[in-house]
Amino acid sequence: MVKYAALSINSPFGDRMKLRDILEILSARVLVEHQGLDGEIPMAGAADLMSDVLAFGSEGMMLMTGLTNPQVVRTAEMAGINVVVFVRDKTPPPETVELAKDSGITILITRYTMYEACGRLYQAGLPGLGPVKIENDTW
Amino acid sequence: MTVIDITKVQELTYSTRVEAVMSSDVIVVSPNASLEEVKRLLLAKHISGVPVVDGELLVGMISMSDVMESMEKGKLNSLVRDMMTTEVKSVSKDSYLIEAVNYLGIKGFARIPVVDQEGKFLGIVTPGIVMGSLLHEMDVKYQQKEAEKLQTYRASHIFDDMTSDGTSLVLRFMVNDHDFSNAGKASSTIKKSLQRLGVAPGIVRRVCVAVYEAEMNLVIHTDVGGEIIVDVRRDRLKVSAVDHGPGIEDVERVLQPGYSTAPQWIRDMGFGAGMGLANIRRCSDVMTLMSEAGTGTRLETLFRFGEHALGSPAAPGKRS
């Protein structure tokens with residue numbers, strides 16, 4: 001299995017994980033492809049709550065989710081997320097696939113559960129956002 | 001030449017096929033020609049060598065140095081077939097330019113013949129041809145880039161081209177209630193328009209998240225749909241989401257994070273967690289929510305461009 005030693009989000013030196021590595025780590029398949037498999041993935045996040053994605057999503061991060069409705073793709077587009085992974089081998093409805101094709105979002109499907117998909121990637125060195133800053137004590 | 005230029009050239013040599021650039025209008029000689037004939041041909045055409053072609057097949061190469069060698073030996077009347085180089089390096093028409101470049105550049109060949117699978121002679125590639133094709137390709141790519149730039153230029157220069165005391169560009173979008181499959185379409189279109197106008201990427205992202213939340217609110221909570229109005233000025237952008245729906249009973253309360261009136265089916269879709277307005281407030285510089293039960297709701301958000309003002313950097317209202 002591919003191993004990446006202690007990656008830092010902003011480190012220009014560390015080996016960035018590539019989409020092709022993600023496919024291997026998650027035994028995933030590509031459903032909609034836009035960028036090549038050599039595209040770099042700087043970090044990842046997981047959520048089933050789209051409001052959380054909009055609140056904490058970060059430009060360039062990869063999203064793992066168990067939701068497959070078209071709004072997941074819209075949310076990704078708005079949050080600057082280019083790659084979405086559907087966990088638990090969920091096949092999305094055709095509307096979702098069509099929207100992903102139109103809006104430049106790459107979609108992967110893995111048979112691992114959310115917990116295990118995240119665990120495998122994190123263990124391989126793909127970082128998350130780190131502690132999230134809550135602004136103004138509002139939430 | 002910068003590093004980027006080198007990469008671009010390399011990229012082109014790896015992506016361009018020999019067939020696309022080779023010269024097929026080539027002078028060739030028959031193996032039965034005499035060296036005397038070859039000498040006259042090379043001198044007349046100012047070239048240093050020619051492919052030897054028998055029928056359609058490439059059988060060798062003969063060059064000025066072969067001619068000189070035979071002159072020294074006093075054998076100018078001998079035939080090409082006896083003096084030519086028969087072990088000729090050639091490239092297939094389907095190979096990439098990089099293969100020809102290796103022979104020409106690294107091995108120092110002056111020309112490399114191109115053949116098909118059966119060894120049929122098709123043309124030649126010379127350093128000049130490689131240079132010319134690369135320059136042409138780069139020029140085409142450059143012009144495409146310039147054309148893209150021009151598009152952005154035109155869009156943002158509406159603020160320079162129109163003279164007024166304050167120019168606005170207003171984009172309006174109608175949002176249907178409960179139309180989940182089209183929800184987000186307005187936001188997506190707004191994102192593209194703002195990119196086209198040259199709004200700074202960080203600001204585009206904040207606007208998009210806010211507009212998308214507002215659009216979802218119109219879809220989820222109104223029964224008549226609503227309108228999203230984006231008002232772009234040189235130095236700031238205002239987004240209003242207006243509806244004549246049911247209105248909000250307790251405005252203070254809906255602003256509390258986590259408070260939600262969304263039905264279960266909306267929550268099942270990953271929305272309605274009561275974070276929307278908090279998120280909009282976080283993304284925007286100023287947010288105002290006005291509502292009256294039974295009348296409707298107006299949400300206004302402001303985004304300042306700061307140092308990323310649109311149009312030319314000249315003072316607002318003045319044309320440079």
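In the predicted model, helix α10 of chain B passes helix α13 of chain B in a left-handed crossing. The axes of α10(B) and α13(B), the latter spanning residues 276-283, come within 9 Å and cross at roughly 155°. Angles over 145 degrees count as roughly antiparallel, and α10(B) and α13(B) are therefore roughly antiparallel to each other. On the α10(B) side, the contact is made by B:R206, B:V209, B:A210, B:E213, B:A214, B:M216 and B:N217. The residues supplied by α13(B) are B:G276, B:N279, B:I280 and B:C283. By class, the contact between the two helices has 6 nonpolar, 3 polar and 2 charged residues.

Chain B as a whole has 13 helices and 10 strands. Of its 320 residues, 32% are buried. Among the contacts in chain B with a separation of 6 or more, 63% are between residues 24 or more positions apart.

Helices α3(A) and α4(A) pack at an angle of about 20°, and their axes are 8 Å apart. Angles under 35 degrees count as roughly parallel, so α3(A) and α4(A) are assigned as roughly parallel to each other. The crossing of α3(A) past α4(A) is right-handed. In this pair, A:P70, A:V72, A:V73 and A:E77 of α3(A) meet A:E95, A:T96, A:L99, A:A100 and A:S103 of α4(A). The contact of α3(A) with α4(A) comprises 5 nonpolar, 2 polar and 2 charged residues.

Burial was then considered for α3(A). Because 10 of its 10 residues are buried, α3(A) is largely enclosed by the rest of the structure. The buried residues include A:Q71, A:R74, A:T75 and A:E77 as well as A:V72, A:V73, A:A76 and A:M78. The cover over these residues is drawn from both chains: it includes α2, β5 (62-65), β6 (83-86) and α4 of chain A, together with α9 (185-197) and α10 (201-221) of chain B. Just after α3(A), A:G80 takes a positive phi of about 75°.

The interface between the chains involves 22 residues of chain A in contact with 22 residues of chain B. On the side of chain A that touches chain B, α2 (50-56), α3 (70-79) and α4 (94-103) each supply at least two residues. Of the elements of chain A, α3(A) gives the most to this side, with 7 residues. The side of chain A that touches chain B has 10 nonpolar, 6 polar and 6 charged residues.

The largest nonpolar core has 79 residues. Residues from both chains are among those with the most contacts inside this core, namely A:L63, A:V84, A:V85, B:V207, B:V211, B:A214 and B:V239. The largest share of the core, 12 residues, comes from α10(B). Leaving aside residues up to four places away in sequence, A:L63 touches A:G45, A:V53, A:A76, A:I81, A:V84 and A:V85.

Terms used: Residues are numbered from 1 along each chain as its sequence is written. Chains are lettered from A and ligands numbered from 1 in the order in which they are written. This is a predicted model: local features need pLDDT of at least 70, side-chain atom pairs count only at pLDDT 80 or more; totals for chains, interfaces and linings use all residues. Two residues are in contact if their C-beta atoms, placed from the backbone, lie within 7 Å. Helices (H or I, at least four residues) and strands (E, at least two) are DSSP runs, numbered from the N terminus. Ala, Val, Leu, Ile, Met, Phe, Trp, Tyr, Cys and Pro count as nonpolar, Asp, Glu, Lys and Arg as charged, and the others, Gly among them, as polar. A residue is buried if 20 or more other C-beta atoms lie within 10 Å of its own, exposed if 12 or fewer, and partly exposed in between; C-beta atoms are placed from the backbone. Axes are lines fitted to C-alpha atoms, for helices over the stretch in contact, and angles run from 0 to 180 degrees between N-to-C directions. Angles under 35 degrees count as roughly parallel, over 145 as roughly antiparallel, 65 to 115 as roughly perpendicular and the rest as oblique. A crossing is left-handed if the near helix is turned anticlockwise from the far one by less than a right angle, and right-handed if clockwise. A nonpolar core is a set of buried Ala, Val, Leu, Ile, Met, Phe, Trp, Tyr and Cys residues joined through C-beta atoms within 7 Å.
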